[in-house]
Amino acid sequence: MYNSILSKKAKLAVVGLGYVGLPIALEFAKKISVIGFDINENRLAKMREGVDPCNELGGDAFKNSDIVFTSSLDVLKEASFYIVAVPTPIDDANMPDLKPLLGATSSVGKVLKKGDYVVYESTVYPGCTEEDCVPLLEELSGLKCGRDFKVGYSPERINPGDKIHTLTNTIKIVSGCDSDALENISKVYELVVKPGVHKASCIKVAEAAKIVENTQRDVNIALMNELSIIFSRIGINTFDVLDAAGTKWNFLKFYPGLVGGHCIGVDPYYLVHKAHKLKYHPQIIDSGRFVNDSMGGYIGKKVVKNLIRLGRNVMSSRVLVMGITFKEDVSDIRNSKVVDIIRELQDYGTNVDIVDPHADGAEVRAEYGLEMVPSPQPHAYDAVIVAVSHKEYLNLTEEYFKTLTTSPDAILADIKGLYRGKIQTLSYWSL
Ligand SMILES: NC(=O)c1ccc[n+]([C@@H]2O[C@H](COP(=O)([O-])OP(=O)(O)OC[C@H]3O[C@@H](n4cnc5c(N)ncnc54)[C@H](O)[C@@H]3O)[C@@H](O)[C@H]2O)c1
């Protein structure tokens, strides 16, 4: 299989061309023949024109690549090595929603042949590949896993907006259903991952490793958020405390903040779900999720309390929210926790304007029913909330904020602590 792929006699397919799938597909396409499969025709049309719908990759990434973009199973069936990178979201009850994963698995199952490989990259709970996906592959193909085709799991560590830690320069975890599968899957990934692969002892270990990476971050950020709530009552700044504590060699650098996006705020729920199925009720992971999911409401209430303290009428106050994407320097607004702040403020009857240099107004409207304004209005706001640390916001000054506020003592809520120590007259608050 490996040699056929290398000599382009066999093709590799990536199923699901989003933040994870497209970069992998294009990287492989520099070396081997690739089929990029997706069900979203609008996104496919952009990719055919050399445009990344996620705005992460430039046009150069598409140059000199041997890739076809398709939604056709007839084209998909030409592949021998399938990588599945579709979303694994949660539903309204925070339960895993496996619909895209099982949808992609059935597409692959319908075209699977003897000798093929299927590797999952989507983040899942330990056991999902073998217990949920393999039975569907076997049922639809009439083939037996291990004997007729092989499976593996290789989690992606891509970090949207991060140009330093990339697919090609970060060690990749790989796993396979047997030692043959592990060897061949490793060789395929070594074509594109320069520092090489880490061979996990089994598929469940690789699945667990990924989910633990994000759960660890979630729990640590939750601890910082909880500390921030306590320190706010004491009247000290959390970032000042962390600066001081961070001078010790073994103090871990985590900061308070909103935990949105598709990974850190979502993956722990997959692990919680698996634990519940095994009759264990995780306390720490669940508490972390509770604290982090409550932060938007907490920040909204803090701003309202500060407005009241300043003698403002909450119902007629205007608040400017700067930044609505789920993190800095990306355009992705899905699962943004800034929206929780906005909803909390609107719940109190406050008028909220939203600006963001990276977010698309139509997407914000479609996803949340919220209208963005093209630019802030001068001297219009009783409070300004800088919710996301976009690079455009890093060097803003108190003078600038005062051109937006109704008075020199209006509120500046600096969620990420960007302007700490630089504000003299505005009523400053940070996490
Ligand atoms: N975005 C990240 O930073 C990141 C990092 C590491 C891991 N992951 C994981 O990787 C997986 C993919 O995430 P993403 O952010 O790339 O998702 P995404 O939402 O950016 O893209 C998913 C793509 O899959 C397509 N798709 C959906 N259902 C499909 C189906 N049945 N068949 C074919 N295509 C389908 C969509 O049209 C879309 O183009 C998730 O499990 C995620 O948790 C994401």
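This note goes through the predicted model point by point, from domains to single residues.

1. **Basis.** The model is predicted: local features need pLDDT of at least 70, side-chain atom pairs count only at pLDDT 80 or more, and totals for chains, interfaces and linings use all residues. Residues are numbered from 1 along each chain as its sequence is written, and side-chain values use heavy atoms, with hydrogens and water left out.

2. **Domains.** The protein splits into domain 1 (2–201) and domain 2 (219–430). The bounds come from an automatic or database domain assignment. Taken over C-alpha atoms, the two domain centres are 35 Å apart. Domain 1 puts 21 residues into the contact and domain 2 puts in 13 residues. Contact means heavy atoms within 4.5 Å.

3. **Core.** The largest nonpolar core has 38 residues. Such a core is a set of buried Ala, Val, Leu, Ile, Met, Phe, Trp, Tyr and Cys residues joined through side-chain atoms within 4.5 Å. Buried means under 20% relative accessible area, exposed over 50%, and partly exposed in between (1.4 Å probe, protein chains only). Tyr-82, Val-84, Leu-101 and Val-118 touch the most other members. Both domain 1 and domain 2 give residues to this core, so it lies between them. Leaving aside neighbours within four places in sequence, the contacts of Val-84 include Val-15, Leu-101, Ala-104, Val-108 and Val-118.

4. **Eight-stranded sheet.** This open sheet has the order S3-S2-S1-S4-S5-S6-S7-S8, with mixed pairing. Strands S3 (67–70) and S8 (197–199) stand at the edges with a single partner strand each, so one side of each has no neighbour in the sheet. From one strand to the next, the twist averages 25°. Helices (H or I, at least four residues) and strands (E, at least two) are DSSP runs, numbered from the N terminus. Two strands pair if DSSP finds at least two bridges between them. S7 (residues 172–176) and S8 run parallel and are joined by three bridges. Ile-173 has His-198 as its bridge partner in S8.

5. **Helices on that sheet.** Helix H7 (residues 179–190) packs on the sheet and touches S1, S4, S5, S6 (150–153), S7 and S8; its direction makes about 150° with that of S7. Helix H5 (residues 99–111) lies across S1 (11–15), S2 (34–37), S4 (79–84) and S5 (117–120), at about 175° to S4. Axes are lines fitted to C-alpha atoms, for helices over the stretch in contact, and angles run from 0 to 180 degrees between N-to-C directions.

6. **H5 in detail.** Its buried residues include Leu-101, Ala-104, Thr-105 and Val-108. Among the elements covering the buried residues of H5 are helix H4 (73–76) and helix H6 (128–141). At 1.5 Å a residue, its 13 residues should span 18 Å; the end C-alpha atoms are 19 Å apart, which agrees. The expected span is 1.5 Å times one less than the number of residues.

7. **Five-stranded sheet.** The order here is S10-S9-S11-S12-S13, an open sheet with parallel pairing. S10 (351–355) and S13 (427–430) are the edge strands, each with a single partner. Neighbouring strands are turned by 15° against each other on average, direction ignored. S11 (residues 383–386) and S12 (residues 411–414) pair over four bridges. Ala-383 has Ile-411 as its bridge partner in S12.

8. **Arg-365.** This residue is found in helix H13 (residues 361–368). At 43% relative accessibility, Arg-365 counts as partly exposed. Not counting residues up to four places away in sequence, Arg-365 touches Leu-370 and Glu-371.
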